[in-house]
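Open the model in your viewer and keep the selection panel at hand.

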Amino acid sequence: MQQAEQYYAPYNVLKNSCKDSRSSGMQFSFQAQDEQFFTLDSSPATDYVVNDSPPALSVSSNRSPFSPQCSQSYMSDLHHSSDNTCGSPLSGCSGIDDCDLRHVLRELENKLLGPESDTDDSCSCSLNDMVSKPASVTRWNRVLDMAPGLNLKELLDACAEAVSDADISTAEALMRALEQRVSVSGEPMERLGAYVLEGIRARLLSSGSIIYKKLKCKELTGSELLSYMQVIFNMCPYYKFAYMSANVVIREAMMNENRIHIIDFQIAQGSQWMFLLHDLARSPGGPPFVRITGVDDDESAYARGGGLQVVGERLAEVAKSCGVPFEFHGAELSGCEVQLENLRVKHGEALAVNFPYMLHHMPDESVSTINHRDRLLRLVKSLSPKIVTLVEQESNTNTAPFLPRFRETLDYYTAMFESIDAARPRDDKERISAEEHCVARDVVNIIACEGADRVERHELFGKWRLRLMMAGFTPCQLSPSVGETIKDMLKEYSPNYRYAESEGALYLGWKNRALATSSAWR
């Protein structure tokens, strides 16, 4: 038994340690228009949650200030990158003797625990397959028998687990059942389920990257895509949260500066800076000189219907109307292509750098040895900026293996679809199109793609904090005016939106699920 426990240790730690090592979550006082505490079936997942319990049960995370419950956490990313899905660097058979030992241990395990043990078995030995396959078949037959009685979330989870187990016939049977349960005009879970199902299908067909690019823009005209982005902007506070919180931080940091240079790493339409220019125009002693460097790729140009000169001309008109001396420089590059010379930093200008929902698109060390995510942070630090603002989605999909990544995605986007549901009728055609072209593509990419093709790679704020500190940044305490600005903005939306400050970041959430964070660095 001691030998068996030692041999299975890497697997038992992954499967069961979270049940024995609960860490206490912190208590927070929520800032919301309605003090009632809301609950949500899709409570936040932790680093990489292994959900051994039935899918209907939810696990709260101490990483979110909206969840005061205990957490169940997976092991470190070091053993859970996309290149190491076994969970342990010690996994695998090294020879015939090892496989024979595995066979004997498997028989022992079956006698002690029964044939349905959940112990992970990553060895590919023919004897082992002969022992484990009948139990697996029996298990999935039971799942198929239970399918009509499962709720939609449980059915989606079962389908993803079958895909993870490479049981294609079971996955296809569950997909046929799901087709009868999902709808782009139904309840939030039904709508999300339609796109999740598309992601599963794309994964099996290895077409996730194609669908992502197709949904991203190419079927639409630029004006159509822009209009759908505007629908999302008006329905939900996620973009306003990013723009308004960053603007308050930058305005306060640049007080009394005569020359300001702002580098925006995803400038899009440039709308964020129109508001800041109006604010700077009212500066005591007169408005400062403002220079903006806008970085963006050709996909945003497609939505704009033109290059960054369109943004520069629009901002120049606003600045002129406000009496703000202004200059614009466009860098039509992706973040992976940006070099020092592209940013045109000048001596004597106070520098602000803005990362709005952008850094998670940069591949990190798990994708490429170049590690553009950390390279870009180090590059920005070398510029000695006076302030850096970071806004990111509070989700954990970067290096997680497929199944925990699927469950995290399902939880996160359930909350987002519920928040959208509160703003528009379910049969609203604009809402349906906006979800398809602005949200569904991200869901498909996270579920269907791997490696460099998976560009939606979110991380929790705790991981961003570590990356920034390793690059040499120190966190800046947010002033009370940032929270007050977001509180006033949320009055326009459902009372189920919440905000809270924790560990130097401002969190935006729907009910008890954190969805985005805003932080400041120098």
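Is cysteine 236 buried or exposed? Select it: cysteine 236 counts as buried because its relative accessibility is 2%. Buried means under 20% relative accessible area, exposed over 50%, and partly exposed in between, with a 1.4 Å probe and protein chains only.

Before moving on, note the ground rules. This is a predicted model, in which local features need pLDDT of at least 70 and side-chain atom pairs count only at pLDDT 80 or more, while totals for chains, interfaces and linings use all residues. Residues are numbered from 1 along each chain as its sequence is written, and side-chain values use heavy atoms, with hydrogens and water left out.

**Cysteines and serine 419**

Next, select cysteine 449. At 3% relative accessibility, cysteine 449 is also counted as buried. Searching the whole structure for disulfides (cysteine sulfur pairs within 2.5 Å) gives 0.

Now pick serine 419, which sits in helix α14. Helices here are DSSP runs of H or I with at least four residues, strands are E runs of at least two, and both are numbered from the N terminus. Serine 419 has a relative accessible area of 1%, so it is buried. Show its contacts (heavy atoms within 4.5 Å). Beyond neighbours within four places in sequence, serine 419 touches Cys236, Tyr238, Tyr497 and Trp510.

**The largest core**

Colour the largest nonpolar core, a set of 94 residues. Such a core joins buried Ala, Val, Leu, Ile, Met, Phe, Trp, Tyr and Cys through side-chain atoms within 4.5 Å. Val196, Phe241, Leu315, Ile387, Phe406 and Tyr413 have the most contacts inside it. Helix α14 (residues 402-421) contributes the most, with 10 residues.

Zoom in on tyrosine 413. Not counting residues up to four places away in sequence, tyrosine 413 meets Leu192, Gln393, Val439, Asp442, Val443, Ile446 and His458.

**Helix α6 against α14**

Select α6 (residues 188-205) with α14. Their axes come within 9 Å and cross at roughly 145°. Axes are lines fitted to C-alpha atoms over the stretch in contact, with angles from 0 to 180 degrees between N-to-C directions. Among the α6 residues in the contact are Leu192, Tyr195 and Val196; on α14, Phe406, Leu410 and Tyr413 are included.

**Zoom out**

Show the whole chain: 17 helices and 9 strands. Of its 522 residues, 55% are buried.
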